[in-house]
Every structure is written in structure tokens, then in C-alpha cells.
Amino acid sequence: MIPPDHPRYRSLVTRERLAESAKKGIVAWEGLTAHGRGEAFDYLLGEKTTPGALLAERTAAALLMTARHPVISVNGNTAALAAEEIAALQKASGALVEVNLFHRTEERVRLIEDVLTAGGVEVFSGTAERLLPLSHDRAWCRRDGVYSADVVLVPLEDGDRCEALVTMGKTVIAIDLNPLSRTARRSTLTIVDELTRAVPEITRACLELTREECAALAGNFDNGYLLAEAIREMIARLSDVLD
Ligand code: PTJ
């Protein structure tokens with residue numbers, strides 16, 4: 001039992017949720033270490049959405065709203081932490097939601113689809129094929145899903161698939177607390193924020209932005225600047241601690 005008055009209550013509950021999901025086979029064991037890495041970077045951000053992240057989230061909404069065929073690609077960590085938030089984003093943006101895993105087994109795909117469905121997501125679950133130019137199992141996707149998408153949102157991604165998707169001409173939006181990761185650097189747009197803060201902000205922006213605002217944001221962003229802003233936030237926070 002985690003007492004609600006514990007100063008790290010939210011963080012401890014999240015860990016507990018991930019550990020339980022790992023025991024059920026929803027989250028890969030490796031997903032626990034990925035979460036720990038994310039938490040460390042979130043400390044450096046002060047565990048809050050920075051102005052640069054908010055701009056990236058509004059830009060992500062604009063890209064999803066102006067897309068021909070937007071797809072949200074979901075893995076184990078994302079399903080365990082944010083199934084309901086993904087359902088709300090799907091409703092606001094009209095994007096397809098597809099499960100794509102790094103540590104892929106048919107059983108995990110089914111378990112994760114069930115978690116998403118229970119959270120209110122309409123899962124796109126046609127037959128997967130090995131369609132992406134990758135030697136690992138993230139190559140598996142659906143022909144009418146990620147494969148034919150023009151914009152793909154990839155929370156907690158690996159750099160290889162980002163690169164492959166970008167090479168295929170797709171706009172790739174990553175959510176990654178580590179602004180130095182290959183994923184962050186290879187994506188078209190990177191949101192340096194925690195998943196469960198980022199997704200509701202994207203949803204809010206999908207519901208609020210006008211058509212003109214979407215066009216302006218989607219047509220004019222600089223990922224290098226957004227990544228530099230995230231690093232500047234971390235440096236500023238570290239400097240404050242030293243002062
Ligand atoms: O479910 P699977 O089989 O597809 O596997 C998923 C994992 C996460 C294990 C797989 O994609 C993986 O190995 O990811 P990486 O390469 O460790 O990258 C995960 C990135 O996400 C790291 O850079 C973390 O900093 C970041 N991250 C972790 N938790 C969060 C996060 N970013 C935002 N919000 C989080 N909650």
C-alpha cells in the first residue's frame with residue numbers, strides 16, 4: 001500500500017502500475033528500465049510541461065488534425081500508463097490506433113489491444129505484415145495502418161523505427177523525455193514531456209485549435225529549436241539547484 005500523503009505518491013503509483021502490468025505481460029521487462037530513464041530526465045525538467053513542450057504538443061495536434069491518414073502507434077508502456085488518454089486523443093483527432101511492439105509476441109499484442117479496448121480505444125487490429133525496412137520486430141505493422149499513414153505519433157519509440165518511418169516520407173511525432181535520444185533526434189517533431197502530461201495537452205489542442213492555427217503551426221516548426229529549449233530548461237534547473 002502506498003500512502004496518498006507520500007511526497008512521491010504519483011511516481012510510486014505509476015511504478016506500481018507498470019510493475020503489475022509487467023507481471024501480466026503487458027509491459028516488457030525492459031519497459032521498466034525505459035521508464036526509469038524517463039523519470040530521471042523528468043526530474044531534470046522539474047516534472048512539469050515546459051513552454052517548449054507545450055508548443056510541441058500544440059504543433060503535434062496541428063499535424064494530426066491536418067493529416068490525411070494519422071496513426072497513433074502504441075506499445076506496452078503507453079497502453080499501461082495512458083489507455084484512456086489515448087482514447088480521448090483518438091476521439092479528438094480521428095487517428096487510427098495500432099499496436100506495434102519492439103518485444104513482439106502475438107500474446108502481448110492481444111493483451112495490449114485488450115487494455116486499450118477497456119480504456120475506450122477503437123483498436124485497428126487487422127493482419128500485421130513485415131512491411132518496414134527493419135531487421136527487428138518493429139518491422140511488423142498493418143498495411144492500412146502505420147504503413148500507409150502520412151503522420152505517425154510514436155510515444156516511447158526506438159530510433160531505428162523513427163528513422164525508417166521518416167525515410168519512408170512520413171511525419172513522425174515522438175514523445176520522449178530524453179532530448180538526447182536517437183528517437184528525439186531522428187523524429188520530425190519531438191515532444192520532450194511525460195507521456196501522461198503530453199497526451200491530454202495534444203488532445204486539448206486538437207479540440208481548441210482553429211483550421212488557420214493548425215495550418216500555421218504545422219507549416220512552421222523547428223525541431224532543433226524545440227530540443228535545444230528542452231536542454232536549456234534542464235540546464236537552468238540544474239543551475240538553480242547550484243545557486
Ligand atoms: O512494449 P514494447 O515491446 O514495444 O517495448 C517498449 C520499450 C519502451 C521497452 C521500447 O520501446 C524501448 O526499449 O524504448 P527505449 O529505447 O528504452 O526508449 C524509451 C524512451 O522513452 C527513453 O528515452 C525514455 O527516456 C522515454 N520515456 C520513458 N518513459 C517515458 C518516456 N518518455 C515520456 N514519458 C514517459 N512516461
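Visitor: Before the details, what are we looking at?
Guide: A predicted model, where local features need pLDDT of at least 70, side-chain atom pairs count only at pLDDT 80 or more, and totals for chains, interfaces and linings use all residues. Residues are numbered from 1 along each chain as its sequence is written, and side-chain values use heavy atoms, with hydrogens and water left out.

Visitor: What does E194 reach on the ligand?
Guide: A nitrogen atom, with a polar side-chain atom of E194 lying 2.7 Å from it. On its own the ligand has 740 Å² of accessible area, and the protein covers 93% of that (Shrake-Rupley method, 1.4 Å probe).

Visitor: How many residues surround the ligand?
Guide: 22, counting those with a heavy atom within 4 Å of the ligand. The closest are F102, H103, R108, D176 and E194.

Visitor: Which helix supplies the largest share of that shell?
Guide: α2, with 6 residues. Both α2 (29-45) and α4 (76-93) supply at least two; helices are DSSP runs of H or I, at least four residues.

Visitor: Where does the ligand sit?
Guide: In the largest pocket, meaning more than half of its atoms lie within 2 Å of the pocket's grid points. A pocket is an open set of points on a 1 Å grid over the protein atoms alone, with protein on both sides within 12 Å along at least five of seven lines.

Visitor: What volume does that pocket have?
Guide: About 1100 Å³, taken as the space filled by probe spheres set on the points. Its lining has 45 residues, those with an atom within 4 Å of a point, and G31, A34, H35, N77 and L156 are the closest to its centre. α2 gives the most to the lining, 10 residues.

Visitor: Switching topic: how many cavities are there of 30 Å³ or more?
Guide: 1, where a cavity is a set of points where a 1.4 Å probe fits but cannot get out. The largest cavity holds about 60 Å³ of space.

Visitor: Which residues line the largest cavity?
Guide: Among them are L45, A53, V192, L226 and E229. α3 (51-65) and α10 (223-242) each supply at least two lining residues.

Definitions and conventions
Polar contact = N/O pair within 3.5 Å; in protein donor to acceptor, adjacent residues only side chain to side chain.
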